[in-house]
Amino acid sequence: MKPDLTLQKRLLKSLGFSFLEEPLELSAPPPPQAATPAPRRRQQAPPPPPKPAEEKLPPFSSLPDLAPGERTAALGEIAREVAGCQRCILSRARRNPLPGSGPLDPTFALILEIPDPAQDESASYTAGQAGGLLGKIVEAIGSRLDECFVTFATKCHSLPFRPPHAPEVEACRPYLVRQMELLRPKTIVCFGPAGLGALLPSAVAGGPNASRGKVLEYRGVPLLMTLPLPAIVAHRSRKKTVWEDLQRLMAALQDQRSLE
Ligand code: SF4
């Protein structure tokens, strides 16, 4: 049926297309043209992504020996600095920064990602569901929370609560690195990629979960990254994944002991 051009123009005008002053022409589509093959270009491989800078830091065992009192005092100095720190945007939302706490020479240093609302409010990493879950996980690997040093990749809470962003982790990284040097943990467990990214940036270059469950090494001690606590709290079925990750770590520690 032939289109009624006058009626179409009227309808379009009623819809606001008043710029249509010329009569509509329904022209036949142009005949298809034979496709001319595009000239072949030599495909160049994309340049590899820049590798994150990896500091060559010496193993803990080669650092100068400090007396326990000096190490405790230096850790206290870090805590005081964190309390007044404004290096990143998280300083605006926090109520209580959590620098970390625990004994010197801990069997495990546990690096969480960022204080959650309960931890931020109470100034305690044992608060809330995440704190309770952490205690159970530590018991499952034969330790107790008071035998571990617990800290965060970013010491301050975010509002709204979310995983820390890379610039925040980078801003807070010097505190974490210095804490590890003073503590000399025997093993490090990161709950989430933020702590791993702060200590071993190349381990997260392939994606935040590329190294999950792998036993790596940081300055001469074993390091493992597993899931972040909020992710386990939200989906309890993920406890199995964490358990399997920790089993690999425990097996590696067992192998290490049998060689000593
Ligand atoms: S998260 Fe770390 S770097 Fe940012 S304000 Fe808090 S202590 Fe400072």
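**Exercise 1. Find which residues of α5 are buried, and what they pack against.**

Quick ground rules: this is a predicted model, where local features need pLDDT of at least 70, side-chain atom pairs count only at pLDDT 80 or more, and totals for chains, interfaces and linings use all residues. Residues are numbered from 1 along each chain as its sequence is written.

Step 1. Helices are DSSP runs of H or I with at least four residues, strands are runs of E with at least two, and both are numbered from the N terminus. α5 covers residues 166–183.

Step 2. Buried means 20 or more other C-beta atoms (placed from the backbone) within 10 Å of a residue's own; exposed means 12 or fewer, and partly exposed is in between. In α5 the buried residues are Glu-168, Val-169, Ala-171, Cys-172, Tyr-175, Leu-176, Gln-179, Met-180, Leu-182 and Leu-183.

Step 3. Their packing partners are α2, β1, β2 (149–152) and α6 (193–199), with contact meaning C-beta atoms, placed from the backbone, within 7 Å.

**Exercise 2. Work out where α5 bends.**

Step 1. The bend at a residue is the angle between axes fitted to the seven residues ending there and the seven starting there.

Step 2. At Cys-172 that angle is about 45°, and Pro-174 follows within four residues.

Step 3. Just after the helix, Arg-184 has a positive phi of about 55°.

Key: The expected span of a helix is 1.5 Å times one less than its number of residues. Two residues are in contact if their C-beta atoms, placed from the backbone, lie within 7 Å.
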